[in-house]
Amino acid sequence: MIKRLVVLLIVLAMLVPALPVALAQDGEQVLYVGLDVGPGGYNNSMPYNYGAGHTMHIKMYTPLFVWNADSTDMEPFIVESYESNDDFTVWTFKLREDVYFSDGEQLTAHDVKFTADFMTAPDINVENFNHVNEAYAQIEGFDARRNGEADELVGVQVIDDFTFQYTLSTPNPRVYGRMYGTYVFPEHAIDFEPADYQTTDWWYNPDKQVGSGPFVVGDYRRDEYIELVPNEYYFKGKPKLDRLVSRYFPDETAAVLALAAGEIDFSYVSPDVIPTLDQDKFTIFSGNSYVSIFFHVDYSNSPEAWQDLRVRQAFMYAVDRQAIADIVLEGTHSVLPCLVPIESVYTDDLNDYAYDPDMARELLAEAGVDPSDLGTIDWITHPGYANPLMRDAVQATQAYLADVGIQAEMRYLDLPTWRTTYLAEGYHMGFRGQAYPIFSPPLTNLYTNAGGQGGDIIGWDWAATGFEAKVSEIQLAPTFEEYTAKLGELCQMENEQLPWLPMWVGQRYGAANNRIQDFYWYPAGGGGPYDDHAELWYVED
Amino acid sequence: MGGYILRRLLINIPVLFLVTFLVFSLIEIAPGDVVDYFISPDMMQYTTEEDIQRLRERTGLDQPFLVRYGKWLGRLAQGDLGYSFVESQRVDELIVAHMKNTLPLMGAAWLMGVVFGISLGVFVGLRQYSVWDFSLTGLSFLGLSVPAFISGILGLYIFSVRLGWFPAGGMRTAGGDSSLGDALYHLVLPAATLAVMDIARNMRYMRFAMLEVLNQDYITTARAKGLRPRLVHYRHAMRNALLPVITIVGLSLPQLVAGAVFIETIYSWRGMGSLYLNAVSGRDYPVIMGVNLVFAVMVLGANLLTDIAYSAVDPRVRFED
């Protein structure tokens with residue numbers, strides 16, 4: 001009996017691989033991809049709700065503005081034209097008149113107004129408010145609406161069917177810099193309340209979901225995949241693909257193996273994976289991540305010596321950041337002179353803090369600081385910057401510092417622990433990244449201590465002066481040229497005063513099978529959004 | 001027997017209560033909460049303190065520890081496990097959905113572990129110091145010592161990437177029609193990978209137990225009586241040797257619902273292991289509590305089942321009412 005059972009099991013095991021698999025039918029254009037690798041796959045398909053996921057959002061919805069193809073500028077998407085009054089407090093936007101939702105209804109300014117009122121409702125149930133605030137907090141009446149004191153966001157008004165107006169509470173010459181995540185929802189098709197935003201199945205139900213992007217939901221298996229089918233009314237033309245299937249991979253290794261096995265045709269990849277891929281079969285896309293990686297000092301909790309500029313300069317000279325970027329980080333990162341990761345704004349007078357351990361020792365001696373006085377630095381690492389490559393880079397930094405007598409120990413924390421430790425000031429230095437896009441840079445929370453839950457450097461005013469005034473100048477710079485020039489000046493100030501210790505900015509990578517034609521991808525922070533022209537993608541047999 | 005089972009069940013109620021209190025306390029001690037999980041400083045420049053307070057109120061985290069625990073217990077008494085903050089779904093629905101995926105995976109692995117492990121254990125136990133004994137025992141060392149994240153990646157690389165025999169992860173063909181064949185096709189590789197360790201462990205226990213039993217006097221007696229070797233080996237030796245193996249196999253029953261974090265992650269399998277891991281990472285205490293409750297019930301149940309199985313296998317074991 002047992003023998004028969006064993007034989008039966010073996011035969012079954014051998015037969016199973018031969019079972020038919022339902023893949024693309026003849027002539028059907030189907031593209032399998034891993035567009036969003038890593039945790040968070042579920043909520044990533046819901047605009048405004050999460051810190052990333054724009055690469056999926058823009059497949060189904062249309063924002064007012066988008067990043068350009070390499071995240072260096074902002075461009076209108078469903079906005080046709082826009083203008084402001086003289087003091088940049090009132091902005092008038094004209095929508096394209098050829099934008100339709102997937103059910104054939106036209107997208108109008110009334111949908112823009114509906115979305116603004118809906119997303120700022122006091123009971124809106126989102127995972128965090130960052131993206132809602134980014135889009136709407138600068139608009140007059142936001143606080144009243146959010147606190148339930150107003151029935152609408154009064155600063156957003158419909159002028160006519162295709163024209164709407166923003167009235168801002170403070171001037172902003174580059175208001176569009178905060179409108180890339182302003183997706184417009186169909187007033188006629190939203191059948192749930194703001195309080196049900198996260199819990200409704202509307203987002204994934206093919207019978208309910210309506211969007212104005214190139215695709216709509218065709219099928220959805222939570223944490224497995226989302227299948228998109230064409231929106232025949234898409235304003236840039238009906239997509240060539242019959243189906244776009246984005247598989248969810250909780251782990252990059254799994255995604256890379258699926259890519260290598262030919263089950264998906266695109267995935268994010270780490271730089272160390274690229275050499276393992278067949279160079280004839282895959283095209284590698286890469287670009288600036290615009291995420292600055294740096295050490296910040298908790299001045300309130302660290303030895304007072306860190307308030308001496310010469311000690312911070314010694315830190316910079318002691319570490320060979322270029323060698324780490326070239327060797328440890330395998331050439332995938334560039335050295336930063338300041339936290340602004342945009343080379344085009346740099347001035348000529350920046351100190352590159354080239355590796356000079358003797359200079360580091362001299363500076364410490366000049367400051368009258370014995371490295372042992374600094375104790376052992378308690379470093380904490382944000383989990384987003386603790387991948388194997390980054391860990392190696394941190395260890396190399398640790399070794400360089402030890403060479404001039406500065407000791408440091410690293411703690412790797414998960415996200416809740418990181419934030420708790422950060423707020424409790426229970427560390428000396430933090431190692432983390434900061435998204436720093438050219439528009440909407442983290443000026444207020446980084447440089448002014450005026451709020452935000454970002455990286456306001458605790459006790460930063462021990463180290464730096466003049467930043468608040470510079471931030472104000474940047475925010476009010478009327479033209480793009482003046483704006484970038486002021487950003488350059490900010491970088492220069494940082495470079496001189498070193499309130500924090502800038503390290504690197506990384507490249508990000510994606511690998512696409514050459515079967516995909518007319519494919520474009522850029523590793524934009526949070527996925528963009530940018531116009532990837534997904535309506536043009538197709539798969540060559 | 002019935003009275004014994006009833007008594008054991010009643011004892012388990014305060015044990016379960018204690019388990020929930022301990023787990024709730026541990027979550028409380030752990031640094032941070034789900035709101036901290038939502039707020040990543042590198043991307044949250046527009047989030048304000050008022051927003052965070054709003055989130056804390058919505059999730060009930062502004063309440064004291066004992067109030068939250070009391071509320072959780074109160075809802076549990078009404079059969080409500082609460083709502084996941086991270087997944088935005090009812091905890092009972094989440095657990096059922098993930099368990100539906102975990103049971104076939106872990107069940108298949110467990111079954112393979114029992115069938116192949118015990119069979120091979122008997123096989124090599126009867127052939128001590130043979131080539132089979134040395135080679136299979138050596139392989140079992142390998143099976144036991146290779147961690148799941150290595151065997152998982154190796155399995156995927158060899159059988160999916162290189163040979164193309166099996167899919168590279170997933171529980172079904174994405175965007176395709178669901179069918180039993182398709183589900184089995186996706187199940188084989190992760191289940192077999194998981195089973196490697198079970199087979200190796202069960203084989204070693206069974207081999208050791210067989211060798212011990214085969215040296216007992218009653219086996220010598222059975223042989224001296226002229227019983228056929230097959231009868232001696234399988235009716236007398238194997239049945240007695242199964243006793244310690246049953247304990248091991250029985251105690252591994254909770255694994256059926258616990259899932260396997262690494263294998264689920266590598267094979268993109270939406271199971272209990274990944275659910276639990278994500279819940280812990282996000283301090284999603286309703287899910288952590290719900291899953292732990294299920295685990296605790298399973299462990300207590302498995303212990304009871306193991307005791308009952310003893311009496312079935314060994315007539316000397318009897319429970320008094």
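Modeller: Start at Asp207(A), in the loop between β7 and β8 of chain A. Keep in mind that this is a predicted model. Is Asp207(A) buried or exposed? Asp207(A) counts as exposed, because it has 7 C-beta neighbours inside 10 Å and the limit for that class is 12 or fewer. Now look along the chain. Gly218(A) comes eleven residues away in sequence from Asp207(A). In space, the C-alpha atoms of Asp207(A) and Gly218(A) are 8.8 Å apart.

Take β8(A) to begin with. β8 of chain A covers residues 215–221 and is an edge strand. The other edge strand of that sheet is β1 (30–33) of chain A. Each of these edge strands pairs on one side only. The order across the sheet is β1-β10-β9-β8 in chain A. The sheet is open, has four strands and shows mixed pairing. From one strand to the next, the twist averages 20°.

Which strand pairs with β8(A)? The partner is β9 (residues 225–230) of chain A. β8(A) and β9(A) pair in the antiparallel sense, over six bridges. Phe215(A) faces Pro230(A) of β9(A) across the pairing. Val217(A) stands opposite Leu228(A) of β9(A). The turn comes next. The hairpin of β8(A) and β9(A) has three residues between the strands. In this hairpin, Asp223(A) takes a positive phi near 60°.

β7(A) belongs to an open sheet of four strands, in the order β4-β5-β7-β6 in chain A. Here the pairing is antiparallel. The edge strands are β4 (79–84) and β6 (156–160) of chain A, and each pairs on one side only. Neighbouring strands of this sheet are turned by 25° against each other on average, direction ignored. A helix also packs on this sheet: α3 (residues 109–119) of chain A. Helix α3(A) touches β5 (90–95), β6 and β7 of chain A. The direction of helix α3(A) makes about 170° with that of β6(A).

In general, strands of a sheet pair through backbone hydrogen bonds, either parallel or antiparallel.

Now step back to the whole of chain A. Its secondary structure comes to 14 helices and 19 strands. The C-alpha atoms of chain A fill a box of roughly 80 × 75 × 40 Å along the principal axes. Of the 541 residues of chain A, 48% count as buried. Now take the contacts in chain A between residues at least 6 apart in sequence. Of these contacts, 72% join residues at least 24 apart.

Chain A also meets chain B. There, 65 residues of chain A are in contact with 53 residues of chain B. Helix α11 (residues 415–423) of chain A gives the most to the side of chain A that touches chain B, with seven residues. By class, that side of chain A has 31 nonpolar, 21 polar and 13 charged residues.

Helix α5 (residues 91–125) and helix α8 (residues 180–214) of chain B pack at an angle of about 35°. Their axes are 6 Å apart. α5(B) passes α8(B) in a right-handed crossing. The residues of this contact divide into 24 nonpolar, five polar and three charged.

Finish at Leu251(B), in helix α10 (residues 229–251) of chain B. With 14 C-beta neighbours inside 10 Å, Leu251(B) counts as partly exposed. Leu251(B) touches Ala302(B) and Thr306(B), not counting residues up to four places away in sequence. Leu251(B) and Ala302(B) are 51 residues apart in sequence. From C-alpha to C-alpha, Leu251(B) and Ala302(B) are 6.1 Å apart in space.

Terms used. Residues are numbered from 1 along each chain as its sequence is written. Chains are lettered from A and ligands numbered from 1 in the order in which they are written. This is a predicted model: local features need pLDDT of at least 70, side-chain atom pairs count only at pLDDT 80 or more; totals for chains, interfaces and linings use all residues. Helices (H or I, at least four residues) and strands (E, at least two) are DSSP runs, numbered from the N terminus. A residue is buried if 20 or more other C-beta atoms lie within 10 Å of its own, exposed if 12 or fewer, and partly exposed in between; C-beta atoms are placed from the backbone. Two residues are in contact if their C-beta atoms, placed from the backbone, lie within 7 Å. Ala, Val, Leu, Ile, Met, Phe, Trp, Tyr, Cys and Pro count as nonpolar, Asp, Glu, Lys and Arg as charged, and the others, Gly among them, as polar. Axes are lines fitted to C-alpha atoms, for helices over the stretch in contact, and angles run from 0 to 180 degrees between N-to-C directions. A crossing is left-handed if the near helix is turned anticlockwise from the far one by less than a right angle, and right-handed if clockwise. Two strands pair if DSSP finds at least two bridges between them.
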